[in-house]
Amino acid sequence: QQQQQQQTRTKPFKILSIEGASFYLNTGVVICSILYLIPLGGFSVMCYRTALLSAMICLTIGLYQSGTLSRSLISREGVGRFMADTTGQFWLYCLIHFFFSPVLFILVPLATVSVYNVLMISGTPSTANLPSFLKSHEEKMKLLTSPQGVQSILLNNALIENLTSFLLLMLMFTPTGSFLHFFLHVQYLRLRFKTSNHSKTAWAIINQKFRSIVYHRFCPSIVANLYEKLITLIHRYGSS
């Protein structure tokens, strides 16, 4: 269906429409994510929270369109559908990180998905609706919106989400860190691990990298034994 939309769309989308709102919200996520990198104190924090809020509004639109956001949400079955829905999980991701101190990598998964959404809505691979300065990058945008590009985005986002948990763990010992922030992010990862193959693949990649370190010939064997016990506990917790 998305490929048909790409091939048949020759006119710009309507600004005053759900599609137009999604385009500008996703664009806002990308712009605010970039501005957040500028070290300007309170302005950076405002951009960080604006990006999360824009993403939450955009995801809410998606949940409404898919029927996930309805009166049945207040029932146990409705909550189950919401928690199992990828859009619902990303909505929880935004909500969790909105109320805590900004962390550098939190916006990366949202920004990459928003770039993809902007390209899809604007009609890529057709560049009829794109600004002139983007038309020279048509081939790169085609690759980004291809099935291989989508899989790469999802896997890289899953890697970032998993690695963020280690960053939040270290930040717990700083004034800006919080155990609750770390705990809620781990709960989100636990939910993703149960429903996303990309999260499982990402964790397998990270586990393999750590194994190459703890099983190095110069690393004491006790470190490898402790690591194996830790991994066993993590797997039990993630699958429970």
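Two residues are in contact when they have heavy atoms within 4.5 Å of each other. By that rule, residues 24 or more positions apart account for 67% of the contacts in the chain with a separation of 6 or more. The structure is a predicted model, in which local features need pLDDT of at least 70 and side-chain atom pairs count only at pLDDT 80 or more, while totals for chains, interfaces and linings use all residues. Residues are numbered from 1 along each chain as its sequence is written, and side-chain values use heavy atoms, with hydrogens and water left out.

The chain has 12 helices and zero strands, where helices (H or I, at least four residues) and strands (E, at least two) are DSSP runs numbered from the N terminus. Of its 240 residues, 36% count as buried, that is, under 20% relative accessible area with a 1.4 Å probe and protein chains only (exposed is over 50%, partly exposed in between).

Of its 22 residues, Tyr48, Leu52, Cys94, Ile106, Leu107, Leu110 and Tyr188 touch the most other members. Two or more residues each come from α2 (18-36), α3 (42-66), α5 (86-98), α6 and α10, with the largest share, seven residues, from α3. Leaving aside residues up to four places away in sequence, Ile106 touches Tyr48, Leu52, Tyr93, His97 and Thr164.

Helix α6 covers residues 107-122, and its buried residues include Leu107, Leu110, Ser114 and Val118.

His185 sits in helix α10. Why does His185 count as buried? The reason is that its relative accessibility is 0%. Beyond residues up to four places away in sequence, His185 touches Tyr93, Ile96, His97, Glu161, Thr164, Ser165 and Leu168.

The second largest pocket is lined by 20 residues, of which Ser165, Phe166, Val186, Trp203 and Ile234 lie nearest its centre. A pocket is an open set of points on a 1 Å grid over the protein atoms alone where a 1.4 Å probe fits, with protein on both sides within 12 Å along at least five of seven lines; lining residues have an atom within 4 Å of a point. At least two lining residues each come from α9 (147-171), α10 (179-195), α11 (197-214) and α12 (221-239), and α12 gives the largest share, seven residues.

How values were computed
Expected span 1.5 Å × (residues − 1). Core = buried A, V, L, I, M, F, W, Y, C linked by side-chain atoms within 4.5 Å.
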